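Hi everyone, thanks for coming along this morning. I'd like to walk you through one structure, so please have a look at it while I talk.

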Amino acid sequence: MAQDNAEHPAGHPAVQAPVELLNLLDEEVGLRRGGLPAALATAYGGDLGFTEPCVYANFVVSLDGVVALGPQYPSSGSAISGGAPADRFVMGLLRAFADVVLIGAGTLRTSPGHRWTPEHVCPAASADFAQLRRRRGRTAGPELAVVTASGDVPTGHPGLNGGALFLTTKAGARLLDERLPATCTVVALGEGPVLRMADVLRAIGDRGHTMVLSEGGPRLFGHLVRDRLADELFLTLSPVVAGRAGTSRPGLVTGLELLPSRRESAELVGVRRSGSYLFLRYRLDHRGQPGSRP
Ligand SMILES: NC(=O)c1ccc[n+]([C@@H]2O[C@H](COP(=O)([O-])OP(=O)(O)OC[C@H]3O[C@@H](n4cnc5c(N)ncnc54)[C@H](OP(=O)(O)O)[C@@H]3O)[C@@H](O)[C@H]2O)c1
C-alpha cells in the first residue's frame with residue numbers, strides 16, 4: 001500500500017501501488033483534513049482528519065444490530081466483519097490517529113491474542129500508518145488503556161506486552177499491582193464499582209493524550225454515551241445477519257436505556273462503501289445537552 005518511501009524507515013521499501021479499498025459516497029463539506037499520506041488517502045477514498053481533542057469510537061455491527069456474539073465466542077467483532085480487508089484497514093487507520101486505544105476488560109477477556117496496534121489489524125499498511133504518525137508528531141504506536149472495576153483480567157495477554165494503562169478501582173488496583181507485568185501502569189480512580197468516565201478520560205489526558213479511540217464493547221460505550229463524552233462514532237455496517245435466540249447479543253450500548261425518555265441523536269458526516277459494507281461516520285450531537293463538553 002505504501003506509495004512514496006521518502007519518509008519510510010530503511011527496510012520498509014514502497015512495494016505496492018496504492019489500493020482503493022473504500023469509495024466515498026458522501027461527506028460533510030468542511031470536515032477537518034488530516035493530510036493523509038497519498039497511499040492512505042487512496043485506500044480510504046479521500047482525506048481524514050479530526051478536531052482535537054477527540055473521543056471517537058469504532059464498532060462493526062451486523063444488519064440486525066449485533067456487535068457481540070456472547071462471551072463464549074471470542075473475537076466476535078472479527079466474526080461479524082468477516083475479517084473484511086476494508087474494515088481492517090479502517091480499524092488500523094483510526095488506531096494510527098490515536099494517542100490511546102481505550103477498551104473495557106470485557107473486550108480484553110474475549111479477544112485472545114489481539115494487539116491494539118494499527119499494524120496488527122492491517123500489516124500491509126504498517127509503513128504508511130507509521131508515516132502518518134511521524135507526520136503528526138506521534139509516538140510509534142498508541143498506548144492501550146483498559147478500564148476494569150474488578151481487576152480480573154488476563155495479565156498474560158500478549159496485547160499487554162508493550163505496556164498498558166489500567167484504570168481501575170482501589171480493590172482492582174490491589175489485585176492488579178501484584179499480577180501485572182512491570183511495563184503496565186495502574187491508576188486507582190475510586191471505590192467503584194462504576195468509574196466515572198470523566199475521571200477515566202482525565203487520567204488519560206494527564207498523560208498528554210488528546211486523541212482517544214474507544215474500541216471497548218457496548219458496556220464501556222454505554223458509559224461514554226451516558227456521560228455524553230464520545231464525540232464521534234465510526235460504524236461499519238457488515239452485510240451479515242447475526243441472529244439472537246435468548247442469549248445476550250447486545251447492540252452498541254448495554255447497561256443503559258435511553259429512549260423514549262432521553263434522545264441521543266447523531267449527525268451522519270461521512271458515508272463510504274466497499275462492496276456491500278458501509279462505513280458510516282457520525283458526529284454525536286451533544287449541543288445544548290446538560291453535561292456536554294463546550
Ligand atoms: N463489534 C465490535 O466492533 C466490538 C468492539 C468491541 C468489543 N466487542 C465485543 O464486545 C464484547 C465485550 O463487551 P463488553 O461490553 O463486556 O466490553 P467492554 O465494555 O469493553 O468491557 C466491559 C468491562 O469493562 C469494565 N468497565 C467498562 N466501563 C467501566 C466503568 N465505567 N467502570 C468500571 N469498569 C468498567 C468492566 O470490567 P470488570 O468486569 O473487569 O469490572 C466491564 O465489565 C466482546 O464480545 C467483544 O468482542 C465488539
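Let me start with Arg283, which is partly exposed, at a relative accessible area of 28%. Keep in mind that we are looking at a predicted model. What does the side chain of Arg283 meet in a salt bridge? The partner is Glu28, and the N to O distance is 2.5 Å. Now look at where the two residues sit: Arg283 belongs to strand S10, residues 277-284, while Glu28 is in the loop between strand S1 (23-27) and helix H1 (38-44). That puts them 255 residues apart, so the pair links distant parts of the chain. Glu28 has a relative accessible area of 27%, so this residue counts as partly exposed.

Please stay around there for a moment and find Glu27. The side chain of Glu27 forms a salt bridge with that of Arg33, at 3.6 Å from N to O. Arg33 is partly exposed, and its relative accessible area is 44%.

Asp199 and Arg202 are both in helix H8, residues 197-205, and three residues separate them in the chain, about one turn of the helix. Their side chains meet in a salt bridge at 2.9 Å, N to O. Are these two buried or exposed? Asp199 has 17% relative accessibility, and because the limit for buried is under 20%, this residue counts as buried. Arg202, at 47%, is partly exposed. There is also a network: Glu52, Asp99, Arg136 and Arg138 are joined by salt bridges that share partners. Across the whole structure, the number of salt bridges is 16.

Now, over to strand S3, residues 100-104. How many of its residues are buried? Five of the five are, so the strand is mostly covered. If you follow the side chains, Val100, Leu102 and Gly104 point one way, Val101 and Ile103 point the other way, and all of them are buried.

Which strands does S3 pair with? One is S4, in the parallel sense and over five bridges, and there Val100 has Glu143 as its bridge partner. Another is strand S7, residues 211-214, which runs parallel to S3 and is joined to it by three bridges. On that side, Val101 is the bridge partner of Leu213.

Let's move to the ligand. Of the 26 residues around it, the ones that come nearest are Val67, Thr107, Thr148, Ser150 and Leu220. The shell is made up of 13 nonpolar, 10 polar and three charged residues. Where does the shell come from? Strand S2 (54-61), helix H4 (105-109), strand S4 (143-148) and helix H9 (218-226) each give at least two residues to it.

Ser76 brings a polar side-chain atom to 3.1 Å from a ligand oxygen. Gly106 has a backbone N or O atom 3.0 Å from a ligand oxygen. For Arg219, a polar backbone atom is 2.8 Å from an oxygen of the ligand. The ligand on its own exposes 910 Å², and the protein buries 87% of that.

Last topic: some backbone details. Most residues other than glycine have a negative phi, and most peptide bonds are trans. Now for some departures from that. The peptide bond between Glu52 and Pro53 is cis, with omega about -5 degrees, and Pro53 is in the loop between H1 and S2. Another cis bond runs from Leu259 to Pro260, with omega near 10 degrees; Pro260 lies in the loop between strand S8 (232-237) and strand S9 (266-274).

As for phi, Ser75 is not a glycine, yet its phi is positive, about 50 degrees. You'll find Ser75 in the loop between S2 and helix H2 (76-81), and at 29% relative accessibility this serine counts as partly exposed. Arg228 also has a positive phi, near 55 degrees. Arg228 is in the loop between H9 and S8 and counts as buried, at 10% relative accessibility.

That's my tour, and I'm happy to go back to any part of it.

Technical notes
Residues numbered from 1 in each chain as written. Predicted model: local features only at pLDDT ≥ 70, side-chain atom pairs only at ≥ 80, totals over all residues. Heavy atoms only, no water. Near = heavy atom within 4 Å. Polar contact = N/O pair within 3.5 Å; in protein donor to acceptor, adjacent residues only side chain to side chain. Areas by Shrake-Rupley, 256 points an atom, 1.4 Å probe, with all protein chains shown as cover. Helix = DSSP H or I, 4+ residues; strand = E, 2+ residues; numbered from the N terminus. Nonpolar A, V, L, I, M, F, W, Y, C, P; charged D, E, K, R; others polar. Salt bridge = Lys/Arg side-chain N within 4 Å of Asp/Glu carboxyl O. Buried < 20%, exposed > 50% of the residue type's maximum accessible area, 1.4 Å probe, protein only. Pairing = 2+ DSSP bridges.
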